[in-house]
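This report describes selected features of the arrangement of chains, domains and secondary structure. Please consult the sequence and the model shown below alongside the text.

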Amino acid sequence: MTQKARQIGDTLLKVEGVSLTFGGVKALTDVSFEIREHEVLAIIGPNGAGKSSMLNVINGFYHPQEGAITYKGETRKQMRPYAAAKSGIARTFQNIALFKGMSTLDNIMTGRLLKMHCNFLLQALYLGPAREEELRHRASVEHIIDFLEIQSIRRTPVGRLPYGLQKRVELGRALAAEPDLLLLDEPMAGMNVEEKEDMCRFILDVNDEFGTTIALIEHDMSVVMDISDRVVVLDYGRKIADGSPDEVRANPEVIEAYLGIRHN
Amino acid sequence: MIYREAGQFKTSYGADQMIFPILQDRIFVILAVVAAYLVPLIANEYWLQAVLIPFLILSLAAIGLNLLTGYAGQLSLGTGGFMAVGGYMTYKITTAFPDLNVLIAVLLAGLIAALVGLVFGIPSLRIKGFYLAVATLAAQFFILWLFNKVGWFVNYSPSGTITAPPRTLLGIMVTGPEATAPVRYLIVLTFLAFFALAAKNLVRGRIGRSWMAIRDMDIAAEIIGIRPYQTKLLAFAISSFYCGVAGGLYVFCYLGSAETEAFDIALSFSVLFMIIIGGLGSILGSILGAAFITMVPIFLTNAPPLIGLSMPIDLQKHIEVMLFGSLIVFFLIVEPRGIARLWQIAKEKFRLWPFPY
């Protein structure tokens with residue numbers, strides 16, 4: 001692996017003792033870990049381990065019963081989606097959550113909604129500031145379109161795009177918000193090898209060029225081991241391991257969670 | 001062969017963001033608007049009064065409902081109620097301040113309708129889809145009940161009717177019994193042209209995108225930082241403003257005098273049918289849908305005598321209703337996304353004609 005342009009820095013987000021229950025179901029139990037600036041952190045674990053719940057807690061979609069989240073030095077018991085988005089957390093979803101009736105361009109433009117402020121009167125007239133704002137954001141969205149190499153599908157309604165491209169558009173929408181922390185929920189699920197390679201390249205480029213901190217959930221172990229700086233392993237809602245890919249690979253508990261134990 | 005966009009290159013995002021990026025479209029739209037303004041020169045009183053004026057006013061209401069239902073995805077059956085607010089409030093304002101320009105009274109009434117819409121939009125955070133539609137029925141019935149019940153709204157007129165008083169604009173009579181049809185037509189047309197453009201600008205910018213995001217997937221919209229409550233309420237307010245303005249014009253430029261029956265649930269439904277047939281999520285579709293719903297019955301009434309067929313009037317009426325119904329079914333089967341979509345497909349075909357690809 002090549003040397004990264006940016007060094008991994010201080011803690012960006014810290015999760016402390018988070019527990020989340022749905023009725024009697026314990027999705028997360030006393031989970032603590034931290035995400036450091038400019039790193040690629042992978043959260044792995046078997047199905048139902050609570051990985052997606054963890055992301056949902058981080059960006060405020062689920063509200064944990066216990067624990068605290070410290071983001072950019074500010075400690076909160078729970079995040080709210082709007083506050084999370086406002087403070088620079090963007091995410092993609094496991095099942096693509098694009099706006100199907102809108103074009104690729106419009107979908108990515110929605111990623112910049114929080115940065116647009118013109119009121120509706122100016123917009124209705126499409127005068128000076130509204131027009132200028134629209135064009136400025138269009139230019140930065142075009143930058144993302146170039147980066148993700150999706151120029152040709154700019155005007156296509158996303159409902160018509162193949163799965164791999166939809167995933168890419170969704171990444172584009174998250175990137176349009178210029179996030180400090182990017183949460184990717186299984187960005188490579190259901191893709192073929194070429195699409196996975198493309199996606200890995202984009203993730204590493206985002207991390208490298210924009211310095212975006214990335215937390216991702218992924219099932220493909222070769223991908224996880226290759227691109228992540230650190231790995232957190234969840235099993236049955238508990239954290240069982242946390243460390244570099246090599247450490248995690250050698251951890252007996254992780255092996256047990258994935259492969260089971262030998263009963264004699 | 002004429003409809004080609006070859007050679008029309010865009011060199012700036014500004015040029016690319018135009019409403020009609022293709023030159024031929026721009027020419028066509030300008031010609032259409034100019035032609036619409038010249039119509040009073042050739043159309044007779046009947047056409048203006050019975051066909052074109054209601055068509056234009058209902059187009060405005062349909063645009064309003066389309067903003068709410070087609071773009072923001074909030075089904076509403078309160079259109080008639082919001083239009084009633086516009087009509088009755090215009091009446092109250094213009095009778096309380098006779099010197100105020102009546103068109104300003106219409107706009108102010110639209111603002112009041114927007115506030116009312118805001119209130120009735122509050123349940124939308126909790127209820128979705130058909131359930132929300134039923135909740136908006138409350139607006140429809142409550143508003144009409146209120147106007148019937150409280151004499152203040154009709155200035156205690158014993159008949160409960162509001163009548164458009166004569167008002168002038170630049171010395172020309174624009175409302176009341178003496179206002180001529182061409183004048184009222186031009187006023188309504190100007191309102192529609194301006195507000196259609198404003199609606200188009202809204203839906204292609206930040207607000208339109210946040211509405212569509214809420215419509216297509218509200219959870220994802222929330223995650224990217226759209227606040228569902230504010231966004232939905234804004235949709236209700238702006239939509240009700242359009243309906244209110246349309247309601248004001250409906251009384252002052254079309255009916256002349258009205259009771260609450262003019263705004264009953266049938267009106268709400270017919271505006272809803274306009275946007276479904278015209279095309280949900282399309283400004284052009286709202287206008288095409290309004291044209292379909294208002295003009296097809298008139299065409300069906302006038303067509304048999306034109307081809308020399310005479311039949312009893314009641315039979316003719318029944319056939320008209322049947323034909324109208326089957327036309328609606330036909331359109332929805334052929335293109336569920338409305339006439340606007342058909343128009344788009346036709347344009348795409350025409351672009352390539354005579355080649356298949």
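Which residues in α4(B) meet residues in α10(B)?

## Helix packing in chain B

The model discussed here is predicted. On the α4(B) side of the contact stand B:Thr79, B:Phe82, B:Met83, B:Ala84, B:Val85, B:Gly86, B:Gly87, B:Thr90 and B:Tyr91. They meet B:Ser240, B:Cys243, B:Gly244, B:Val245, B:Ala246, B:Gly247, B:Gly248, B:Tyr250, B:Val251 and B:Phe252 of α10(B). By residue class, this contact of α4(B) with α10(B) comprises 11 nonpolar and 8 polar residues, with no charged ones.

Helix α4 of chain B spans residues 79–96, and helix α10 of chain B spans residues 228–255. Their axes come within 6 Å and cross at roughly 55 degrees. Angles from 65 to 115 degrees count as roughly perpendicular and those under 35 as roughly parallel; α4(B) and α10(B) are therefore oblique to each other. The crossing in which α4(B) passes α10(B) is right-handed.

## Domains of chain A

Chain A is divided into two parts: domain 1 covers 1–88 + 179–264, and domain 2 covers 101–174. A distance of 27 Å separates the C-alpha centres of domain 1 and domain 2 of chain A.

Contact between them involves 10 residues of domain 1 of chain A and 7 residues of domain 2 of chain A. On the domain 1 side, the elements giving two or more residues are α2 (81–86) and α7 (193–210) of chain A. The largest share of that side, 3 residues, belongs to α7(A). The residues of the domain 1 side divide into 7 nonpolar, 1 polar and 2 charged.

## A sheet in chain A

Chain A contains an open sheet of 4 strands in the order β2-β1-β4-β5, with antiparallel pairing. The edges are formed by β2 (25–36) and β5 (74–76) of chain A; each has a single partner strand, so one side of each is left without a neighbour in the sheet. From one strand to the next, the twist averages 15 degrees.

Strand β1 of chain A, residues 11–22, pairs with β2(A) in the antiparallel sense over 8 bridges. Within β2(A), A:Val31 is the bridge partner of A:Val18.

## The contact between chains A and B

Chain A gives 33 residues to the contact and chain B gives 26. On the chain A side, two or more residues come from each of α2, α3 (104–110), α4 (120–125) and α5 (128–147) of chain A. The largest share, 5 residues, is that of α5(A). The chain A side divides into 21 nonpolar, 5 polar and 7 charged residues.

Conventions: Residues numbered from 1 in each chain as written. Chains lettered and ligands numbered in written order. Predicted model: local features only at pLDDT ≥ 70, side-chain atom pairs only at ≥ 80, totals over all residues. Domains from an automatic or database assignment. Contact = placed C-beta atoms within 7 Å. Nonpolar A, V, L, I, M, F, W, Y, C, P; charged D, E, K, R; others polar. Axes fitted to C-alpha atoms, helices over the stretch in contact; angles between N-to-C directions. Parallel < 35°, antiparallel > 145°, perpendicular 65-115°, else oblique. Left-handed = near helix turned anticlockwise from the far one by under 90°. Pairing = 2+ DSSP bridges.
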